[in-house]
Amino acid sequence: MSIPINLVLGSGGTRGLTHIGVVRVLHEQGFEIKSITGCSMGSLVSALLVGGVF
């Protein structure tokens, strides 16, 4: 069973790497990201996620 969530990612270059790890763990734990938004580096990670890069 997937658990739907809305994800908000913040700014900052170092956080960008953390965002990627968090998204992977959320998927492993059965969460389904229904919507995603971000600021600065968070928006770049959001675009990569939506684009299917990871």
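I started with Ser46, which I count as buried because its relative accessibility is 6% (buried means under 20% relative accessible area, exposed over 50%, partly exposed in between, with a 1.4 Å probe and protein chains only). I kept in mind that this is a predicted model, where local features need pLDDT of at least 70, side-chain atom pairs count only at pLDDT 80 or more, and totals for chains, interfaces and linings use all residues. Residues are numbered from 1 along each chain as its sequence is written, and side-chain values use heavy atoms, with hydrogens and water left out.

I placed Ser46 in helix H2 (helices are DSSP runs of H or I, at least four residues, and strands are runs of E, at least two, numbered from the N terminus). I then looked up its side chain, which reaches the backbone oxygen of Gly42 at 2.7 Å. Leaving out residues up to four places away in sequence, I found Ser46 touching Leu9, Ile36, Thr37 and Gly38 (contact means heavy atoms within 4.5 Å).

Next I asked which residues of H2 (residues 41–50) are buried. They are Gly42, Val45, Ser46 and Leu49. They sit on the same side of H2, because they cover an arc of only 105 degrees around the axis (taken from the directions from the helix axis to the C-beta atoms). Their cover includes strand E1 (3–9), helix H1 (13–28) and strand E2 (31–38). Just after H2, I noted Gly52 with a positive phi of about 80 degrees.

Last, I turned to Val23 in helix H1, buried at a relative accessible area of 0%. With residues up to four places away again not counted, Val23 touches Leu7, Ile33, Leu49 and Phe54. I also checked Val23 against Phe54: they are 31 residues apart in sequence and 9.0 Å apart in space, C-alpha to C-alpha.

Note on methods:
A polar contact is a pair of N or O atoms within 3.5 Å; within protein, one must be able to donate a hydrogen and the other to accept it, and residues adjacent in sequence count only if both atoms are side-chain atoms.
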